[in-house]
Amino acid sequence: MSCFLSFCVFPPFANSPSFLRPHLFFRSALQEQSLPWVEKYRPSQLSELVAHQEIISIITKLIDTDRLPHLLLYGPPGTGKTSTVIAAAKKMYGEKKYRGMTLELNASDDRGINVVRNQIKEFAGTRQLFSSGIKLVVLDEADAMTNDAQFALRRIIEKHTKTTRFILICNYVSKIIPALQSRCTRFRFAPLMKEQIRDRLTEISQKENCKIDAAGLEAILDLSNGDMRRVLNLLQASSMAYENLGEDEIYLTSGAPLPGDIKTLSEILWTKGFNESFDHAKSLSKLKGYAVSDILTSVSKIVVEMDLPEDVLGEVVDGLSQVEHRVAFATDDDIQIAGMVAVFTKARGMMTPKK
């Protein structure tokens with residue numbers, strides 16, 4: 001009887017691997033399946049990163065030689081800054097131990113001076129039991145920190161340099177005070193090139209059984225602007241909305257204007273009168289739901305690629321930039337569409353030979 005009770009209370013598979021415990025195995029599988037693809041396919045090792053090999057090799061060498069300085073990683077979003085830091089922390093401490101030796105804060109949420117004085121100072125000033133080596137303090141979106149918090153952080157960095165390394169991640173390095181910049185080794189993460197994204201995009205689409213053709217892949221690459229996070233989010237959203245992914249499906253999911261619509265609009269702007277051009281551009285905004293800012297961006301890309309006289313090109317680009325500036329301040333869409341048409345009307349007048 002006692003043996004039976006002990007078997008019920010302490011089953012023999014209590015300490016067994018997860019594949020021998022079905023409830024834990026299926027729960028972990030479901031959790032992984034429900035993850036956003038951005039997190040599901042986030043690189044866990046420095047060798048898995050697809051770009052910035054020069055930066056990765058330098059950071060790897062600094063870690064291997066125990067000479068890691070304070071770091072400042074900056075650049076556009078989705079270029080691998082946070083993934084690089086997480087992979088570096090795992091390389092330093094291991095997959096399980098790195099969380100105890102690393103303090104990760106998003107400075108856009110915790111950006112006041114109290115966070116610097118309390119959380120960061122307390123973590124940097126305490127020692128971990130049964131652990132040796134330096135600790136990491138990772139401040140993501142550090143450009144959102146107040147100036148007071150940045151000045152307070154400067155003193156903490158100086159005081160705890162022997163035991164702690166600070167890694168600042170931001171999009172705009174100009175918003176980091178010079179006193180912090182001078183204490184860090186800076187690395188700029190440029191937007192990813194299409195060639196660097198294409199292989200990773202193809203690999204993930206195959207793993208997720210996405211039926212996407214070559215035109216759909218190119219559409220995602222064109223819309224990504226070098227942002228890997230945007231690539232994966234767009235691929236996941238498109239695969240949930242459509243079974244077969246082509247160029248039109250990708251653009252419809254993203255909400256960006258279809259290339260065919262923009263090409264037709266561009267031809268009308270250069271060849272038709274003011275009223276017809278205005279009506280066509282307005283119909284794209286009202287009937288198809290295109291944002292005026294997206295229309296301006298797409299039209300400007302076509303204009304820059306055209307073989308226009310320099311004075312005409314300068315006039316059009318300057319005019320479109322002014323219209324886009326006014327759109328950013330939530331002005332009336334119809335008036336700004338008329339302003340866009342007026343820019344092309346004036347440019348056509350400049351190209352007409354004077355008698």
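Buried means under 20% relative accessible area, exposed means over 50%, and partly exposed is what lies in between (1.4 Å probe, protein chains only). This is a predicted model, where local features need pLDDT of at least 70 and side-chain atom pairs count only at pLDDT 80 or more, while totals for chains, interfaces and linings use all residues. Residues are numbered from 1 along each chain as its sequence is written, and side-chain values use heavy atoms, with hydrogens and water left out.

**View 1. Ala 144 sits in a loop between a strand and a helix.** The loop runs between strand S3 (135-140) and helix H8 (147-159); helices (H or I, at least four residues) and strands (E, at least two) are DSSP runs, numbered from the N terminus. Ala 144 counts as partly exposed because its relative accessibility is 24%. Look for Tyr 172 too: its C-alpha atom is 9.4 Å from that of Ala 144, though the two are 28 residues apart along the chain.

**View 2. Arg 165 is buried and has no salt bridge.** You'll find Arg 165 in strand S4 (residues 164-170). A salt bridge here is a side-chain nitrogen of Lys or Arg within 4 Å of a carboxyl oxygen of Asp or Glu. For Arg 165, the nearest side chain of opposite charge is Asp 66, 9.1 Å away; Lys and Arg count as positive and Asp and Glu as negative, with His and the chain ends not counted. What does Arg 165 touch, not counting residues up to four places away in sequence? Its contacts (heavy atoms within 4.5 Å) are Leu 68, Pro 69, His 70, Ile 134, Lys 135, Leu 136 and Val 137.

**View 3. The largest nonpolar core has 51 residues.** Such a core is a set of buried Ala, Val, Leu, Ile, Met, Phe, Trp, Tyr and Cys residues joined through side-chain atoms within 4.5 Å. Leu 201, Ile 220, Leu 235, Ile 250, Val 299, Val 316 and Phe 344 touch the most other members. Helix H18 (residues 333-351) gives the most to this core, with 7 residues. Zoom in on Ile 220 and, leaving aside neighbours within four places in sequence, you'll see contacts with Leu 201, Ile 212, Val 231, Leu 234, Leu 235 and Ile 250. Apart from this core lies another, of 27 residues, including Leu 72 and Ile 156.

**View 4. Lys 40 and Glu 208 pair up in a salt bridge.** The whole structure has 15 salt bridges. In the one shown here, the closest N and O atoms are 2.9 Å apart. The partners are 168 residues apart, with Lys 40 in helix H3 (residues 37-40) and Glu 208 in the loop between helix H10 (194-207) and strand S6 (211-212). Lys 40 is partly exposed at 26%, and Glu 208 is partly exposed at 21%.

**View 5. Helix H10 holds both Lys 207 and Glu 203.** Their side chains meet in a salt bridge (3.1 Å, N to O). The two are 4 residues apart, about one turn of the helix.

**View 6. Cys 170 and Cys 184 are in no disulfide.** A disulfide is a pair of cysteine sulfur atoms within 2.5 Å, and the structure holds 0 of them. The cysteine sulfur nearest to that of Cys 170 belongs to Cys 184, 9.6 Å away. Cys 170 is buried, with a relative accessible area of 1%; Cys 184 is buried as well, at 10%.
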